[in-house]
Amino acid sequence: MPHINSMNTKRKLNKQQSKSSQLTVWAACFALAAAIALTSAGCSSTINEPGNNVQQTGQNTAIIHAEQQQGDFIYRLYTDKKKWMTGDTIKIIGELEYTGEQEEIEIAHSASPFMFPLKERNSNQTFDYLMQEIGLTTVLKKDEPIRGEILYRNISTVETGKMAASIREKLKQNTLPAGFYEVNGYADIFVKAAADDESGEPMRIKASISFEVGEK
């Protein structure tokens, strides 16, 4: 009898161990599935198709982006949204990056190297971007871009009409009226041959983006 009881006890222990192992496996599987789900939820996707200047990060953020390389310089132009609404403070940013062989290079420019002329497509009205032509210099370090944001007080037009007047009024509020806009931005620089040398090469690197301003 003691022998039989011992065998029964071993069987019970084996069954308990089997159940415990199964529970451990199921728990591990559940934890792995939960981890995968959380990781997927936290990830953001980037869409950058050839010929498409819209980059989407995550679900609700779109960046209108254009890029142009000329020599050792890359110029980028972008804004945060494909569609703004009237009353929004519309941010448009220019970026310039040096990618040449030197560790740093000096450029000369006006009050800013970045220009942001505008055009409203429906009315075909153009707006210049005025900049003080003072001789400033900036040292660009390799692979470290500099950025400049649009200043609405620098936008001007000689055109007349209701749309032009409406745009002028909105510019005072750092925004634009409803319409479809194109920004033909550029970096306007003079690349000096050496820090103590006045000779060099003028360079204008252009790129364009477009966006909509909807009525609130």
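For sorting residues by class, Ala, Val, Leu, Ile, Met, Phe, Trp, Tyr, Cys and Pro count as nonpolar, Asp, Glu, Lys and Arg as charged, and the others, Gly among them, as polar. With that in hand, the lining of the largest pocket comes out at 5 nonpolar, 4 polar and 3 charged residues. The model is a predicted one, where local features need pLDDT of at least 70 and side-chain atom pairs count only at pLDDT 80 or more, while totals for chains, interfaces and linings use all residues. Residues are numbered from 1 along each chain as its sequence is written, and side-chain values use heavy atoms, with hydrogens and water left out.

That pocket has a volume of about 210 Å³. (A pocket, on a 1 Å grid over the protein atoms alone, is an open set of points where a 1.4 Å probe fits, with protein on both sides within 12 Å along at least five of seven lines; lining residues have an atom within 4 Å of a point. The volume is the space filled by probe spheres set on the points, which are joined across faces, edges and corners.) Among the lining residues are His109, Met131, Tyr186 and Arg204. Strand S14 (residues 179–194) gives the largest share, 3 residues.

As for the chain as a whole, it holds 2 helices and 15 strands (DSSP runs numbered from the N terminus: H or I of at least four residues for helices, E of at least two for strands). Of its 216 residues, 32% are buried, where buried means under 20% relative accessible area, exposed over 50%, and partly exposed in between (1.4 Å probe, protein chains only).

Inside, the largest nonpolar core has 38 residues, and Phe73, Ile92, Leu96, Leu176 and Phe211 have the most contacts inside it. (Such a core is a set of buried Ala, Val, Leu, Ile, Met, Phe, Trp, Tyr and Cys residues joined through side-chain atoms within 4.5 Å.) Leaving aside residues up to four places away in sequence, Phe73 touches Leu96, Tyr98, Ile189 and Met203, among others; contact here means heavy atoms within 4.5 Å.

Aspartate 88, between strand S5 (83–85) and strand S6 (92–98), is buried at 17% relative accessible area. Asparagine 124 sits between strand S9 (118–120) and strand S10 (125–129), and has a positive phi of about 60° without being a glycine. Aspartate 143, in the loop between strand S11 (136–141) and strand S12 (146–149), likewise has a positive phi, about 65°.
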